[in-house]
Amino acid sequence: MKLALDINGEQIEVDFTTATGSAALTVRDQHFKAEVSQPEDGLFVVAIEGRIYRCMVDRTPAGEMEITVNGRRLAIAVRDLKHLRGGHGSGATGDGPASLVAPMPGKVVRILCVEGDEVTAGQGVLIVEAMKMQNEVQSPRPGRVAQIRVKDGQTVNSGEVLAIIN
């Protein structure tokens, strides 16, 4: 998954893939392997090249995301570049159906629309929780919800189609 991170105002592009607690990261053309564990809610321990990073993820009262890494608090914003660039199957432009996909592996915690509902561009269709953060999956354009392919509580994989907008 290609993500754009804005960490304390610095823009970083990251290629992020996971499998069984490990991650392959590409940051500014440098490649890293990481081991990730979650010993408790909101706490992640990340090991990269022998260095250990203790990461606490929080939301501010204003709803913004913050992460504390080894005691240093950082404001962070995450964007899925595949969706921003109108990647294959996103349906963000054109007249074909738009596939709403899971931004990362997680669990569907709420479905905000039902099949047949009219939606506007940017309207939330469902919410996926990943790493104790809730991500609203939004319609890329106005249309009608043609299909909801998941149920509340269902575990989903990164890139899995969750809903279709016509």
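How much accessible surface does the protein have, and what share of it belongs to carbon and sulfur atoms? The accessible surface comes to about 9800 Å², and 51% of that belongs to carbon and sulfur atoms. Keep in mind that this is a predicted model.

View 1. Of its 166 residues, 36% count as buried. Among the contacts with a separation of 6 or more, 43% come from residues 24 or more positions apart.

**View 2. An open sheet of four strands.** Read across the sheet and the order is E9-E16-E14-E11, with antiparallel pairing. Strand E9 (98–101) and strand E11 (118–119) sit at the edges with a single partner strand each, so one side of each has no neighbour in the sheet.

**View 3. Strands E14 and E16, paired over three bridges.** Now we zoom in on E14 (residues 143–148) and E16 (residues 161–165), which pair in the antiparallel sense. Look for Ile148, which stands opposite Ala163 in E16.

**View 4. The salt bridge between Arg144 and Glu118.** Side chains of opposite charge can pair when their charged atoms come close. The structure holds one salt bridge, and in the Arg144–Glu118 pair the closest N and O atoms are 2.5 Å apart. Arg144 belongs to strand E14 and Glu118 to strand E11, so the pair ties together parts that lie 26 residues apart in sequence. Buried or exposed, or something in between? Arg144 is partly exposed, at 42% relative accessible area, and Glu118 also counts as partly exposed, at 48%.

How values were computed
Residues numbered from 1 in each chain as written. Predicted model: local features only at pLDDT ≥ 70, side-chain atom pairs only at ≥ 80, totals over all residues. Heavy atoms only, no water. Buried < 20%, exposed > 50% of the residue type's maximum accessible area, 1.4 Å probe, protein only. Contact = heavy atoms within 4.5 Å. Areas by Shrake-Rupley, 256 points an atom, 1.4 Å probe, with all protein chains shown as cover. Pairing = 2+ DSSP bridges. Helix = DSSP H or I, 4+ residues; strand = E, 2+ residues; numbered from the N terminus. Salt bridge = Lys/Arg side-chain N within 4 Å of Asp/Glu carboxyl O.
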